[in-house]
Amino acid sequence: MNPGDGGSIATMCGIAGYIGPRNAVEVVLDQLKRLEYRGYDSAGVAYPANGHIEVLKRAGKLTELKKLVDEVPRDSRIAIAHSRWATHGGPTNENAHPHYDAYERIAIIHNGIIENYLDLREELLAKGHKFRSQTDTEVAAHVIGEEYTEGVPLEEAVRKGVKRLRGAYALVVLSQHEKGKIVAARNASPLVLGIGAGENLLASDIPALLPYTREVVVLEENNIAMITLDNVSIMDLDGREQPVKPIHIEWDIAAAERGGYDHFMLKEIHEQPEVLRQCLAGRIDDNYQVRLEQVFSEHVWTEIDRVNIIACGTAYNAGLMGKHLFEKLLRLPTDVYYSSEFRYGDPVLSPKSLAIFVSQSGETADTLAALRLCKSRRIRTLGVVNVIGSSIARECDRTIFTQAGPEISVASTKAYTAQVTVLTLLAMYIAQVQEMPGVRVEEAVAELSGLAAKADECLKLEPQMIELATQFKDMPLCFFLGRGADANVALEGALKLKEIAYIPTQESPAGEMKHGPLALVQPGVIAVFGSTDPETRDKVVSSMKEIQARGGTVIAVVTEDDTVTERAADAIIRIPASKLGFLSALLTIIPMQLFAYHIARLRGCEIDQPRNLAKSVTVE
Ligand code: M6R
């Protein structure tokens, strides 16, 4: 089995299920514990007891659920459990999984996002259904519950139910009437089955299975699985039986947590196509219109005269990409500030301005302080945040979540691509609600929806990046250069290299070289150029020549249609082109991340926890 197969996609929540001779409640809680490293905000368990399905759930850490479970002895031979990273509805007891259907005959747990849940919810409300939570999962439970009529086996109800769902899901269902089986379905969210001796299991990720079995089946897309005490069976959405193909897992548990990758950073780099899909899920409709429910009402956008984007580090670099798009596409004046400078800078703020706070963790002290400053001045605030329930997410007037899943490596990778994607979506949304003449929103949105597939292509560059990393791992200094959007991505490429490989970098717009930094060029120095904009290609080539003339070596990251730059560069990396040039620039970060990662690995650096750095900077 290769890294990434089945168990390492950007799952936001943990799924566990067990049937066998042990105490199933204890087993599923143990399984969740093994998924704890990925972070979560609530957890729950379901098992049959006294003629119904008992559901116990709690917001907060797993220990909160454990306390509840331990109040009385719980024993069952079958159970399912879930740890949640909130996407629809905040992290509360009500929103935690499992959820019942309308008649409490089944309980379900779910990872992913049901895109058509609002339509389904309305349909069910009209039929008299009542909901206890705001989650898309409860809607899915009611849909499957509707199909679970007299004489219909559970697996058949699930098969019919999931056909009505659109979006990404790995869901698992337990019934009070059929206590000998657990049924699960998968579409674009990972689910793995564990085949034990006289017991069977399922989980969202392989680490949750390894203490019990090393024989694992990765459930394929659009398949439905049923586990019983002594059998595992799989069918497709048309009910046709599918082969069960177990694979033997050799990884140790720590490697399994990283999906078989050597480091979380590499795992997270590889998750980016999936993250882009998750980030856009439910936000683009079939007509390439943007649907952003969390933002201000439409008239607000016509009032906004200026945008200030405030953030630190990688999030600041993402903000620069936001500025580029807001100004180019919307002609909306936009400034980007480091949070630490903004909060002490006595900024001049227009009362009609919008302040956007970009943060993966949602807890960065300087960004939070800058947010509070804007609130005290009664400026509209919008968060672009990954962690639901975080301080910045809670305190902003509105927040759009990046839906990138937990990011564990200190060096941010997937959060960056998700932040830029959300800012892009937002720009397109503003153009759409303002019906801006000259902005072809549908075309731009169509390009955005094709980005994940292009990110997949970029990951295939890894062997080439390993070669370059091997060749240049001992360089004394690395320049990262570009123009326009490429210059913004250059900052992020440089940040990755310096923070994990400890190689000094010099990053700036290529046109600035002659104004000072060129003095640093000498033999042995490497310059990584992003060059994706045909309009500035010739100028970038001139900058490359200036570096080569002084003994420097040039690596150019260009789009596949570029036949000019290859004649100038010493090494050429080709990425797929997007018709929205800005997105081509964004894609160049993937080979740059891989370059930094492999150099750090070859230099023996502590990649996931670089020296002197913390994942979340909650102090000034
Ligand atoms: O959690 P935040 O996005 O607010 O964190 C901001 C920076 O500390 C962060 O982006 C940092 O620069 C990255 N971890 C670097 O890779």
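Tutor: Let's begin with one term: two residues are in contact when they have heavy atoms within 4.5 Å of each other. The model we will read this way is a predicted one.

Student: Thanks! Which elements do the buried residues of α8 pack against?

Tutor: They pack against strand β6 and against the helices α7 (264-270), α14 (414-433), α15 (441-449), α16 (451-459) and α21 (589-602).

Student: How many residues of α8 are buried?

Tutor: A residue is called buried when its relative accessible area is under 20%. In helix α8, residues 272-280, eight of the nine residues are buried, so the helix is largely enclosed by the rest of the structure. The buried set is Gln272, Pro273, Glu274, Val275, Leu276, Gln278, Cys279 and Leu280. Just after α8 comes Gly282, with a positive phi of about 80 degrees.

Student: Let me step back to the whole chain. How many helices and strands does the protein have?

Tutor: There are 21 helices and 25 strands. The radius of gyration is 25 Å, close to the 25 Å from the globule rule for 620 residues, so the protein is as compact as a globular protein of that length. Along the principal axes, the C-alpha atoms fill a box of roughly 80 × 55 × 45 Å. Of the 620 residues, 62% count as buried.

Student: What share of the contacts comes from residues 24 or more positions apart?

Tutor: Among contacts with a separation of 6 or more, such residues account for 71%.

Student: And what about the surface and the charges?

Tutor: The protein exposes about 23,100 Å², and carbon and sulfur atoms supply 48% of that area. It has 66 positive and 82 negative side chains, with the centres of the two sets 3 Å apart.

Student: Now the sheets. How do strands of a sheet pair?

Tutor: In general, they pair through backbone hydrogen bonds, either parallel or antiparallel.

Student: How many bridges join β6 to β7?

Tutor: Nine bridges join β6 (residues 106-114) to β7 (residues 167-175), and the two strands run antiparallel.

Student: Why does Glu104 count as partly exposed?

Tutor: The partly exposed class runs between the buried cut-off of 20% and the exposed cut-off of 50%. Glu104 has 28% relative accessibility, so it counts as partly exposed. Asn222 is partly exposed too, at 33%.

Student: Is Leu368 buried or exposed?

Tutor: Leu368 counts as buried because its relative accessibility is 10%. It is found in helix α12, residues 365-376. Leaving out residues up to four places away in sequence, Leu368 touches Ser391, Ile392 and Glu395. Its C-alpha atom is 8.3 Å from that of Ser339, 29 residues apart along the chain.

How values were computed: Residues numbered from 1 in each chain as written. Predicted model: local features only at pLDDT ≥ 70, side-chain atom pairs only at ≥ 80, totals over all residues. Heavy atoms only, no water. Helix = DSSP H or I, 4+ residues; strand = E, 2+ residues; numbered from the N terminus. Rg over C-alpha atoms; globule rule 2.2 N^0.38 Å. Buried < 20%, exposed > 50% of the residue type's maximum accessible area, 1.4 Å probe, protein only. Areas by Shrake-Rupley, 256 points an atom, 1.4 Å probe, with all protein chains shown as cover. Lys, Arg positive; Asp, Glu negative; His and termini not counted. Charge placed at Lys NZ, Arg CZ, Asp CG, Glu CD. Pairing = 2+ DSSP bridges.
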